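Student: Could you take me closely through the aromatic cluster and the cavity beside it in the discussion, with each criterion spelled out as you go?

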Amino acid sequence: MTIPTVLDTAHGPLNLPAFFPDATRAVVRTVDSRDLEACGVAGLVVNVFHLSSRPGAGLIKHTGGVHAFMDWRRPIASDSGGFQLMSMIRENPRYGTITRRGIHFTDQDGNRKKVLFTPERSIRQQFNLGADLMICLDDCPSPNATAGEVEVAVDRTVQWAGRCKAEFDRLLRSRQDAGPEPLLLGVIQGGYDKALRTECAGQLLDLGFDGFGFGGWPLTPDGELAEEILAHTAGLAPEHLPRFALGIGKPEHIVRCYQMGWRIFDCVLPTRDARHGRLYVFDASDPDRIDVRAREFYHFVYVRDEKHKRQTGPISATCDCPCCQHYSLGYLHHLFDIGDALGMRLATLHNLRFYTRLLELVAAL
Ligand SMILES: [Zn+2]
């Protein structure tokens, strides 16, 4: 069995590998769906927790689902939102508690009402959104968790995955339309402990999922890519099922994870960096000579840097993004200097195109 290069989804074939920008609240900040298509973006990740808070997953269902809501025609993955919730609670217990039943959370958005976020509720909301790739609610321990805490998280992740799967199967059976079915991904937890990762994956495989995600922190406590545990975890999932390296990552980390077998990636870096004026540029001046296996193959251009003020050329002469095709780095510097939103939009388009080109180059490895 070889690793597939295409994944069939309810919104068409998804070429693998693929990078999904984070459209947490049904928007990739500053750009619209036409912009995303123009940059070659293959799919998006929305966040169930945030969208169920505002505008409400039921409201999005009423509008025809999240694809119709934001007029996006390509695949969408819905992140359960557990990661963000748990990080908040673990940083500040006043936000809520985590039990076997689910995540008890005090809504910080206005009315401070108490919410019980369960695996079943997460799946129902993902159905309301109409996502193509749904992701099980999992228990993500902090990177500093003790061995005992990681063991509890694995146990809870498996228990929640079973409940997610049961709810997913129930909703599939009760579906009215006969269109292509969404896929459900289980999340493999276990911290930096290989034995726990193996145990978690084994139990998830018994439950039966359409794909797997890497759960937990993909970096070591000192900020390096957790290569050993990522490679070990990739090897635990069958090759024919999609493997989603959740939250990864930096360009060099995507290359490494691809070599391990991971095929779908999502990360806030390219869009967040763009809004802060940090632009990604391939080192090679000839686009045919970009070697993503090199130790260093790209660098940053800081758009606010005074030295760019009189620059008449684009950010990168080899980039075919809508920004580099029409505007100079000097103009972009000016837009950032006066704080105009157009600067952020153009920078976002450039960084997203860098990432989609990166994935094209990775696919050719
Ligand atoms: Zn560009």
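Tutor: Rings of Phe, Tyr and Trp (for Trp, its six-membered ring) are taken to pair if their centres lie within 6.5 Å, with planes under 30 degrees apart called stacked, those over 60 edge-to-face and the rest tilted. This is a predicted model, in which local features need pLDDT of at least 70 and side-chain atom pairs count only at pLDDT 80 or more, while totals for chains, interfaces and linings use all residues. Residues are numbered from 1 along each chain as its sequence is written, and side-chain values use heavy atoms, with hydrogens and water left out.

On that basis, one aromatic cluster is formed by Phe19, Tyr280, Phe282, Phe297, Tyr298, Phe300, Tyr302, Phe354 and Tyr355, and the whole structure contains 20 aromatic pairs. One of these pairs joins Phe19 and Tyr355 in a tilted arrangement, at 4.6 Å centre to centre and with 45 degrees between the planes. Phe19 belongs to strand β3 (residues 18-21) and Tyr355 to helix α14, so this pair ties together parts that are 336 residues apart in sequence; helices (H or I, at least four residues) and strands (E, at least two) are DSSP runs, numbered from the N terminus. Phe19 is buried, at a relative accessible area of 4%, and Tyr355 is likewise buried, at 0%, where buried means under 20% relative accessible area, exposed over 50% and partly exposed in between (1.4 Å probe, protein chains only).

Phe300, a member of the cluster, also has the charged end of Arg278 over its ring, 3.9 Å from the ring centre; the criterion is that NZ of Lys or CZ of Arg is within 6 Å of the ring centre and within 35 degrees of the ring normal.

Two or more lining residues come from each of β14 (278-282) and α14 (341-363). By class, the lining has five nonpolar, two polar and one charged residues, with Ala, Val, Leu, Ile, Met, Phe, Trp, Tyr, Cys and Pro counted as nonpolar, Asp, Glu, Lys and Arg as charged, and the others, Gly among them, as polar.
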